[in-house]
Each structure stands twice: as C-alpha cells, then as structure tokens.
Amino acid sequence: MGNITAFSCFIFLTFAVFTTARPKSGPDQKCKSGPVDLVFLIDSSRSVRPHEFETMRKFMIDILNTLDIGLDTTRVGVVQYSSKVRSEFFLKTHSKLESMVKAINEIVPLAQGTMTGLAIRYLMNEAFTPGQGDRPKVPNVAVIVTDGRPQDRVAEVAAEAREKGIEIYAVGVARADMTSLRAMASPPFEDHVFLVERFDLIHQFGLQFQDKLCGIDLCLESDHGCEHICESSPGSYTCDCLPGYRLNTDGKTCSAIDLCAEGKHDCQQICTSSPGSFTCDCNQGYHLNNDKKTCSPIDLCAEGKHGCEQVCVYSGPGIFTCDCNEGYRLNGDKKTCSPIDLCAEGKHGCEQVCIYSGPGSFTCDCNEGYRLNGDKKTCSPIDLCAEGKHGCEQVCIYSGPGSFTCDCNEGYRLNGDKKTCSPIDLCAEGKHDCEQVCVNMGPGIFTCDCNKGYRLNEDEKSCSAIDLCAEGKHDCEQLCISAPGVFTCDCNKGFKLNKDKRTCTNMDMCNTVKHGCEYQCVNTPGSFYCVCPEGQLLQEDGKTCGTCKSANIDLVLLIDGSKSVRPQNFELVKKFVNQVVDSLDVSAHGTRVGLVQYSSRVRTEFPLNMYHTAADIKNAVMKVDYMEKGTMTGLALKHMLENSFSEAEGARPASRNIPRVGLVFTDGRSQDDISEYAKKAKEAGITMYAVGVGKAVEDELREIASDPVDKHFYYTTDFTAINTIAENLKLNICPAESQGEVEVKDPCACENMVEFQQGTINTLDLLTEKLAAMASRLEQLENQLLSRK
C-alpha cells in the first residue's frame with residue numbers, strides 16, 4: 001500500500017503543477033516526493049501529425065521541469081512506439097534535467113502502426129530492469145500517451161505489467177479508444193485514465209489533481225540560506241553539510257575539514273588535503289611506495305622510463321642522460337641516435353648508386369638498364385635486343401639501356417602482351433564492304449559472298465534475292481509466295497490449299513469448321529458469319545443469341561494489400577478478383593473493370609479504360625505487387641470516388657446511365673475513418689459491395705455495403721473460402737432496355753434490316769482485311785526464315 005501511495009503522490013504532483021493555483025516562491029518550485037522510476041511511453045504512429053508530436057514533446061518537458069531529477073530522486077526514461085518499439089533513453093541514462101530535455105528535443109518519430117501491447121511488454125522486459133537503471137523498492141510508474149486504437153492485444157500484457165508492480169497511467173487523445181485505455185491503466189480508473197479531444201488540450205487533465213498532495217516544502221519554496229544541504233520537516237527545516245565538511249556555528253555555512261593542516265596524517269614527504277580526507281605524495285625524483293605513505297628514489301633507467309633509444313645513464317633520483325652505441329651519434333633531441341651513413345655524406349666513390357649497408361659501410365650498384373663492372377664502382381649499359389633477352393615473337397627494337405619494344409612484320413599487329421603478333425583479319429574486324437558474307441583470304445585480304453537464296457551482283461559486294469516466283473520457276477495453281485531462293489503456294493479467298501501444297505479447292509466454312517453459331521451459319525468466300533432468329537439479338541461473342549446482352553457496368557475493385565493479409569493470401573485475393581472477372585461480359589462497350597490496391601497509401605493498378613478483354617484484365621491482376629503496410633480503407637474509398645469513377649480514368653458519363661459498382665475487399669479494421677466516404681459513394685449512385693475475411697470488422701463492412709445490406713455484404717473466416725463468395729457474387733443484371741448502350745429494336749423494321757445488312761458487309765470487309773494482313777505477315781516471316789538459312 002505504501003508503494004501505491006507513493007505512485008499516486010508522484011503522478012498527482014507532476015500532473016497538478018500545470019494548473020495549480022497555490023502560492024509559489026519562484027518559477028523553479030518543485031513538488032517534493034520520494035524516489036520514483038518514471039518511464040514515458042509515447043505513441044509515434046503515422047496518425048500523430050508533426051505538430052501534435054511537438055505538443056507531446058513539450059508535454060513531457062513541462063512535466064520534467066516540475067520534478068526533482070537525479071539518480072537518488074526521480075529517474076526518467078522515454079520509449080516511443082509505432083509498429084516497432086525504440087528506447088530514446090533509459091532510467092540510468094541522464095541524471096540532469098538539461099540532458100533529458102536535449103534528448104527529448106532530438107527524438108525522431110517512427111511514423112508507422114500502433115503496436116501498444118508490444119510497447120508495454122518492452123517496458124517490463126527492458127525499460128524497468130536493473131541493468132537499465134531500475135531501483136529496488138522504488139515505485140515504477142509508466143505514463144502511456146496514445147491517439148489511436150492498438151493494433152495488437154493490450155489487456156493481457158498490461159495486466160502482467162501491473163502484477164509486476166508497474167503503476168500505469170493511460171492518456172488518450174482525439175481518436176483514442178476508451179476501452180483500450182481502461183484495459184491498460186491501473187485501478188481506480190478515475191485516477192489513471194484520461195481522454196482529451198486534441199493534443200493542445202493534453203494538459204487539461206492536470207486540473208483533477210490540483211492541490212491534492214502538493215504541500216509547501218520550505219527547503220524548495222523559501223530562502224533557507226543553507227550552503228550545502230537543506231533537510232525539510234513539516235513547517236521547518238535544518239541545514240547540513242556534505243561529507244568532509246562541518247557545519248559552522250551560524251548553523252548554515254560549512255567549512256572543509258583539513259586533516260593535513262591539523263597534522264592528522266602520517267605522510268613521509270607531502271600531504272595533499274581534500275575535505276575530510278588526504279592523500280600522500282612525494283618530492284620530485286621520488287615515487288610513493290605501496291603503503292601510500294613512504295617514498296623511494298626513482299631510477300628512470302632501471303624502470304625503463306627514460307625514452308633513450310639506445311643507452312640510458314643514471315644520474316640521480318629521477319635524473320638520467322642518453323648515449324649511443326658505437327657507430328651511431330646522438331641526435332639534437334639528446335635521446336635518439338642516427339647511424340653514420342657514408343653514402344649520405346658522399347664518402348663512397350660509386351659512379352651511379354651507393355647503397356648503405358650499415359654504420360660506416362656501403363656497396364655500389366647501377367641504375368636500371370646498367371650492370372656493375374669488375375671494379376665494383378663503374379657501370380655499363382645493357383642491350384637486351386643484342387643479347388637476345390627480349391621475348392619478342394618477330395621484331396625487337398632497342399630503346400635505351402636495359403629497354404626495348406617489340407614490333408611485328410607487315411600484315412600483323414602486336415597483341416596485348418606487347419610481344420606476340422596476330423594476322424590482321426579484315427572480315428572479323430568488320431573492315432570490309434560486303435553486303436552479306438566476307439571470306440578471309442589471308443592477312444589484309446578478303447572476298448565477298450552471299451547467303452543461301454541470294455546471288456552476288458556484278459559489283460562483287462552486294463547481293464540480290466533469287467525470286468523463283470518472278471522467274472516462273474514454280475508450279476503453283478493460284479498464288480506463288482516468294483522468299484529468297486524458295487517459294488510456297490497459296491490460294492485465293494474462298495479456297496484452301498490441297499495436300500499436294502500446289503493445287504486449290506473451294507471451301508464451305510460452315511460445313512468444314514466448328515463455327516459455334518447457336519442458330520445458323522452463313523457462308524462467305526473463305527469465311528462465315530452467324531445469324532439469330534427473329535426477335536433475338538446476336539451477342540457480343542458473335543455466336544450466341546439472346547433477348548438482351550449482359551449488363552454493362554463500370555466496376556472498380558478495392559483490394560486490401562495490408563501487412564496482415566500475408567503474401568500467400570494476397571495471391572488468393574488476386575484469384576478471387578479473376579473469378580469475379582470471369583462472371584462479367586468485359587469489352588470496351590460492355591463491362592469495364594478497374595483495380596485499386598490500398599494499404600497505408602492507395603495505388604491505381606489499372607483504370608477502367610486500360611483493358612477491354614477479360615484475358616488482359618486477368619493477366620494484369622496476376623502481375624500486381626503486394627504493398628504490405630497499413631489499412632487505410634477510408635482513404636481508398638475517397639480515391640475511388642474522386643479518381644477511379646472519373647471520366648479521365650474511363651468511367652462513362654452519368655448521362656448514359658451505365659451502372660457504377662464498387663467492391664471493397666478487406667481482412668481487418670480500418671486505421672482511418674470510413675464513414676464519410678462510404679456515405680458519399682452511395683450518395684453518388686455507386687452500388688457498393690463489401691467482402692470481408694478473417695479479422696474484418698462486420699460493422700465497417702455493413703457501413704460500406706449498399707441497401708439491402710444482406711445482398712451486398714459477404715464475410716468468411718478463411719481466405720481459402722473466398723472462391724465461394726466469388727461464385728455467389730452476381731454483379732451483372734440485365735438492365736432496363738433504356739439504360740446504357742443496350743437498345744432493343746424491331747428486327748423486321750426496314751431501317752433495321754438495312755442496318756443489319758450493312759453491319760454484315762462491314763464485318764466481311766474487316767475479315768477480308770485481316771486475312772490479307774495475315775498473308776502479308778506470313779510472307780515476311782518466310783522471307784526472314786530463308787534469309788537466316
């Protein structure tokens with residue numbers, strides 16, 4: 001109970017100083033409390049804006065200014081957290097207020113998620129440990145400041161922290177969740193839980209503790225006059241002195257106790273006084289013995305404390321001189337020695353190079369490219385070419401004493417090793433003007449040739465393709481397609497090439513191919529088209545018939561790419577999207593599909609006007625990269641409303657009555673507010689579907705979904721079951737005949753018969769153009785293949 005009272009006293013006093021109105025003796029007045037170990041746990045998630053973090057920083061500094069900071073009084077640590085936890089300084093780090101304030105001003109916010117449970121566990125396992133400055137039998141107090149809902153569990157770990165004796169105060173700001181604050185804080189909650197509307201009101205909760213436990217401390221709030229120590233007692237105080245001092249007769253000032261001056265020592269030579277103590281020392285040339293009292297003369301030579309390079313000569317206590325060995329002389333610094341160098345002094349007689357070989361000794365040598373003569377002093381130049389010591393493959397050129405260069409005979413060039421030679425191959429080096437083939441005939445000589453299917457022209461450099469079709473050297477019945485040196489046969493439109501690859505037979509496409517027409521196939525020369533019975537329309541696949549086409553809609557899918565989804569589940573999400581696409585009639589004039597991924601930010605993967613086939617959309621979906629961050633569903637809804645359904649990104653004008661559908665897929669609670677843009681989306685006429693998996697919050701999904709909610713809201717606990725949701729989603733509904741681009745006409749009306757006939761002719765013309773383009777492309781490919789041969 002004593003510890004809990006101390007905790008409450010401490011935190012009440014620190015909070016109350018911001019608003020207390022009782023008299024004070026000066027700006028530095030502090031509340032007096034027992035020793036406390038205090039750790040601030042501050043939320044630096046991305047939702048805390050920079051100016052709000054600055055308010056939280058000032059909040060901590062203001063509290064510190066009211067505390068009696070010191071290793072024996074109040075110790076303070078600061079830990080910040082978001083998706084991870086980082087200690088800014090521990091309880092043992094700072095013993096002065098100034099260094100704490102400097103460290104707090106240098107804190108850089110982490111700006112990520114809100115893992116409050118992880119941060120509380122860090123308090124237990126790291127911050128409140130003896131190794132980081134936690135004191136035994138001293139109250140542990142934690143002040144948690146947060147503005148959001150924790151993304152992990154806090155109740156269990158907070159209970160464990162309280163059981164270990166940590167008193168927790170939970171301060172919530174703005175978006176903080178009161179349930180989470182009460183799960184963290186120590187009881188009673190009215191004393192330990194605080195919630196304010198915004199950061200600039202964070203000091204308001206101090207009003208609750210005004211004048212509760214802060215009594216007047218005469219040592220802090222009066223001019224007591226004590227020189228060293230003021231000991232407070234209720235309504236009074238007494239003065240005391242630091243160790244080594246004694247209180248003077250005035251009861252306030254202190255005087256140092258000088259044991260040397262009072263003769264209360266046993267030093268042999270020198271006594272050095274300090275307040276209440278002394279140390280012994282020795283005169284110059286002597287050192288203090290192990291008894292710390294008597295002295296002995298110093299032999300610097302014997303102790304090796306002389307710095308002489310060669311010889312040390314003892315000259316008395318603490319005195320020495322330096323000398324040198326034979327063959328050396330003492331340098332001007334009187335400590336180091338230098339050998340006598342006859343080469344440096346010019347006392348050698350060598351013609352070129354003198355080599356020092358010891359004090360008073362030398363040998364002669366020669367410069368590179370010269371050798372020493374028999375007299376061991378003079379030198380002669382070396383001719384490596386004349387002596388055959390060169391290694392050149394073809395030519396050696398003398399270039400000075402001991403030097404040479406290699407060269408090559410005509411038609412060869414020197415290799416990179418600067419010794420061997422290689423013949424010059426003009427073909428390999430591309431130094432020729434042959435159009436196709438260069439044939440090397442020797443060093444610097446070449447002739448030109450042509451690839452198979454080509455012949456060399458009269459200029460003996462360029463080549464011309466051999467055109468067997470143009471030369472009449474073929475046996476094709478209808479068409480001859482030429483490639484260099486070869487040909488293939490083909491047939492006119494409406495005919496097919498027989499097995500002999502030469503002759504042609506007229507085709508009946510409706511009877512010879514799987515045309516797929518639901519009602520009737522109509523032949524055209526080399527092709528066919530499908531027709532439907534009276535009263536039905538040919539669908540966009542060009543084969544089936546129906547009373548109306550599939551619904552034309554503009555569909556935007558918002559998929560959750562947050563970290564909690566995990567990579568393997570994100571692949572299931574993409575397959576879910578492709579199942580939805582398979583159920584749609586995708587085309588430029590039918591259903592359009594756009595895809596948006598969101599986490600901590602929002603990214604358009606592709607807009608409504610990018611892809612016009614289901615295959616292209618599905619291929620693009622499988623290439624989408626996983627974001628792996630937070631869950632900002634509200635931001636994603638805002639992006640969908642303001643960007644995805646804009647005409648700039650492919651949404652068709654509202655005047656055309658094309659239904660707009662939004663589908664939101666998520667696995668967890670949004671980290672921002674969804675209400676505003678969920679409402680605006682539905683007010684804008686967008687039909688909203690909400691699909692949730694795992695930890696998705698049902699209330700949020702229902703708020704997103706359109707009415708009736710039960711037909712627009714889907715949920716499953718397991719990612720592997722989302723394929724069932726995809727099968728149950730029915731996004732296409734046959735629209736009213738007046739909506740969108742669907743218009744029902746009387747097929748028997750004259751103008752519609754003409755329109756049908758003209759459409760059929762246009763389709764046949766388009767097929768003819770495609771066949772001609774394919775034939776031309778085939779000819780190009782064959783020419784390329786022949787040229788490669």
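Helices (H or I, at least four residues) and strands (E, at least two) are DSSP runs, numbered from the N terminus.

This is a predicted model, in which local features need pLDDT of at least 70, side-chain atom pairs count only at pLDDT 80 or more, and totals for chains, interfaces and linings use all residues. Residues are numbered from 1 along each chain as its sequence is written, and side-chain values use heavy atoms, with hydrogens and water left out.

## The chain as a whole

The protein chain has 17 helices and 44 strands. Of its 789 residues, 39% are buried; buried means under 20% relative accessible area, exposed over 50%, and partly exposed in between (1.4 Å probe, protein chains only). Contact means heavy atoms within 4.5 Å. Among contacts between residues at least 6 apart in sequence, 53% join residues at least 24 apart. The accessible surface of the protein chain comes to about 42200 Å², and 51% of that belongs to carbon and sulfur atoms. Accessible areas come from the Shrake-Rupley method with a 1.4 Å probe; for residues, only the protein chains shown count as cover.

## Around strand β2

Helix α2 covers residues 50–64, and at 1.5 Å a residue its 15 residues should span 21 Å. The expected span is 1.5 Å times one less than the number of residues. The end C-alpha atoms of α2 are 21 Å apart, which agrees. Buried residues of α2 include Phe-53, Met-56, Phe-59, Met-60, Ile-61 and Ile-63, and also Glu-52, Arg-57 and Asp-62.

Strand β2 (residues 74–81) has eight of its eight residues buried, so it is largely enclosed by the rest of the structure. In a regular strand the side chains alternate between the two faces of the sheet. In β2, Thr-74, Val-76, Val-78 and Gln-80 point one way, while Arg-75, Gly-77, Val-79 and Tyr-81 point the other way, and all are buried.

A hairpin of three residues joins β2 to β3. Strand β3 (residues 85–89) pairs with β2 in the antiparallel sense over four bridges, and Gln-80 stands opposite Arg-86 in β3.

## The six-stranded sheet

An open sheet of six strands runs in the order β41-β40-β39-β42-β43-β44, with mixed pairing. Why is one side of β41 and of β44 left without a neighbour in the sheet? β41 (602–606) and β44 (713–716) stand at the edges, each with a single partner strand. From one strand to the next the twist averages 20 degrees. Strand β43 (residues 686–693) pairs with β44 in the parallel sense over four bridges, and Val-691 stands opposite Tyr-714 in β44.

Helix α10 (residues 567–582) packs on the sheet, where it touches β39 (554–560), β40 (592–598), β42 (660–666) and β43. The direction of α10 makes about 170 degrees with that of β39. Axes are lines fitted to C-alpha atoms, for helices over the stretch in contact, and angles run from 0 to 180 degrees between N-to-C directions.

## Backbone details in loops

Most residues other than glycine have a negative phi, and most peptide bonds are trans. The table lists exceptions.

| Site | Backbone feature | Loop |
|---|---|---|
| Pro-187 to Pro-188 | cis, omega near -5 degrees | Pro-188: between α6 (178–184) and α7 (189–192) |
| Asp-707 to Pro-708 | cis, omega near -10 degrees | Pro-708: between α14 (698–704) and α15 (709–712) |
| Ala-111 | positive phi of about 60 degrees | between α3 (97–105) and α4 (116–127) |
| Lys-292 | positive phi of about 60 degrees | between β13 (286–288) and β14 |

At 43% relative accessibility, Ala-111 counts as partly exposed, whereas Lys-292, at 55%, counts as exposed.

Glu-303 sits in the loop between β14 (295–297) and β15 (311–316). With 34% relative accessibility, Glu-303 counts as partly exposed. Leaving aside residues up to four places away in sequence, Glu-303 touches His-287 and Ile-298.

Conventions:
Pairing = 2+ DSSP bridges.
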